[in-house]
Amino acid sequence: MTASQIALRDCSEEVGEDPGYIGVSQQRPADNSRTLNVDSTAMTLPMSDPTAWATAMNNLGMAPLGIAGQPILPDFDPALGMMTGIPPITPMMPGLGIVPPPIPPDMPVVKEIIHCKSCTLFPPNPNLPPPATRERPPGCKTVFVGGLPENGTEQIIVEVFEQCGEIIAIRKSKKNFCHIRFAEEYMVDKALYLSGYRIRLGSSTDKKDTGRLHVDFAQARDDLYEWECKQRMLAREERHRRRMEEERLRPPSPPTVVHYSDHECSVVAEKLKDDSKFSEAVQTLLTWIERGEVNRRSANNFYSMIQSANSHVRRLVNEKAAHEKDMEEAKEKFKQALSGILIQFEQIVAVYHSASKQKAWDHFTKAQRKNISVWCKQAEEIRNIHNDELMGIRREEEMEMSDDEIEETTETKETEESVSQAEALKEENDSLRWQLDAYRNEVELLKQEQGKALREDDPNKEQQLKLLQQALQGMQQHLLKVQEEYKRKEAELEKIKDDKLQVEKMLENLKEKENCASRMCASSQDSDYPLEKTLNSSPIKSEREALLVGIISTFLHVHPFGASIEYICSYLHRLDNKICTSDVECLMSRLQHTFKQEMTGVGASLEKRWKFCGFEGLKLT
């Protein structure tokens, strides 16, 4: 048993089990910090006896403190009736040998009774829903507190809410509410924890001494102003940080170039002769020339510096030749090494093939044969890869040789000369050629300055003429295309007109044939059957057909422009699936004074439609 458990047991035995005593229990408040609040389940201590409480806390290695962090002893007030708060327990405290288990976040928070000097706060019913709050304004440090007792004073409000944090200002109204402004934003969350508590001043039960607290966020201009200032400060810091980051990532500026003078010119000329300082000197020379430092007095100095820069061309060409020679030697070494590797691969593959012959193959086990076959396949694959690589190198060399042969000039080569004499002659020839090019450039510059105006106008005119010619050609081609398309569309239109005329003629012929056929049928019926039979005979043979006639007449009366036989039958099929299309068409054809068939549409849209003509047929009959 640990020291803390022994101390708690001794304390409980000393004070006994008295209903008037209270205990302490661990609870997680709104700010997620572990504190010990009042409960009625754990050990019981008499609040009226400060000596027993101090003894228990000393045994645990803790000093008894209030909510504000001030020691209760020796100025302990027995009239409080209960302990309002104890500092958080941590595993590092002396006398505690165990770490308390973590409180799960989904465990409901149990609110306890809070005793103050002048009032008492009773928690709300835990079964009720949490009190509603408005949307939190940005930077909120002010809360609205409603439901205060009528006899409540500003001192009582300070006494209740100073436990949440430092109070900057209180604005109390005469209508039982006030506004409290805290020093920090997190203190507002602590104040909201008290929302729903019932407050009672002292031990009075008068209605004016009781009330139910309602704490909510309040919107204050000072809070909004401070929040905006803070946001602007953060924005300034972010801009400063980005600016510093951009400056850090920005490439360094090039070094400053000194102004031209005779002394600096001599220094640059000496640097141009030094291989290690040549790049810096050439950059300085280029800047001077672009600035326009060249004049009649300094032309000779600049020419000498340009000549010094020109002398480095031979050095660069020699360096390039040396590097190319090293590259050729490296290629040759690589090719030789690759050839040696291929020879060894061929030998290894030959060993595998000889081992695979019947003479030696029968003496190996099954596992050994499998390994030999796998090794042989791997060696052949690697050999083929290296062989392809070597063939590719040889192919590239052949292509380079063919390119060199194409680019060779037809000039005759000097024979039987040593390599040293050829290189010396080449260097002399290059130097003379570069000097000749320099003189030619000077002559061309003089000529260009004399006839600059004439040469500037001519190419501009030629370019304009070429552009105009190209534009005309493009417009002509576009015009030809448009004409061809216009002719094609005219031909299509004429063809469509001819087709339309033919269809109209066919439609007229069909109508004439139909009229003739109807007349012939009427004359034959009049000649064959006497008048009495025609009066006695009826085209409707059953009650079902009479119903169909009525339904079809109603349907066609709704469709004055007629409907096809398929459309009529689809409507009838909804009423009876057994109706046949041919029977319907036969019935309608027998009733010529009730239904008539007409051809509508043109071309591909030509179709037969039935119309209701009962009102016209009644007049005829």
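1. Five bridges join strand 5 to strand 7 (residues 177–182), and the two run antiparallel; strands here count as paired if DSSP finds at least two bridges between them. One example: Val-143 has Ile-180 as its bridge partner in strand 7. Helices (H or I, at least four residues) and strands (E, at least two) are DSSP runs, numbered from the N terminus.

2. A word on provenance: this is a predicted model, where local features need pLDDT of at least 70 and side-chain atom pairs count only at pLDDT 80 or more, while totals for chains, interfaces and linings use all residues. Residues are numbered from 1 along each chain as its sequence is written, and side-chain values use heavy atoms, with hydrogens and water left out.

3. Strand 5 is mostly covered, with four of its five residues buried (buried is under 20% relative accessible area, exposed over 50%, partly exposed in between, using a 1.4 Å probe and protein chains only).

4. On to the rings. Phe, Tyr and Trp (its six-membered ring) pair if their centres lie within 6.5 Å; planes under 30 degrees apart are stacked, over 60 edge-to-face, the rest tilted. That rule gives nine aromatic pairs. Phe-144 and Phe-177 have ring centres 5.5 Å apart and planes at 40°, so this pair is tilted. The pair links distant parts of the chain, Phe-144 in strand 5 and Phe-177 in strand 7, 33 residues apart. Phe-144 is partly exposed at 24% relative accessible area, and Phe-177 is partly exposed at 25%.

5. Another pair, Phe-595 and Phe-612, is edge-to-face because the planes sit at 65°, with centres 6.2 Å apart. Phe-595 is in strand 11 (residues 595–600) and Phe-612 in strand 12 (residues 607–612), so the pair ties together parts 17 residues apart in sequence. Phe-595 is buried at 2%, whereas Phe-612 is partly exposed at 26%.

6. Which side of helix 6 is covered? In helix 6 (residues 262–273), Cys-265, Val-268, Ala-269 and Leu-272 are buried. They span an arc of only 105° around the axis, so they share one side of helix 6; the arc is taken from the directions from the helix axis to the C-beta atoms. His-263 and Glu-270 are exposed on the other side. The cover over the buried residues includes helix 7 (278–291) and helix 8 (299–355), with contact meaning heavy atoms within 4.5 Å.

Terms used:
The expected span of a helix is 1.5 Å times one less than its number of residues.
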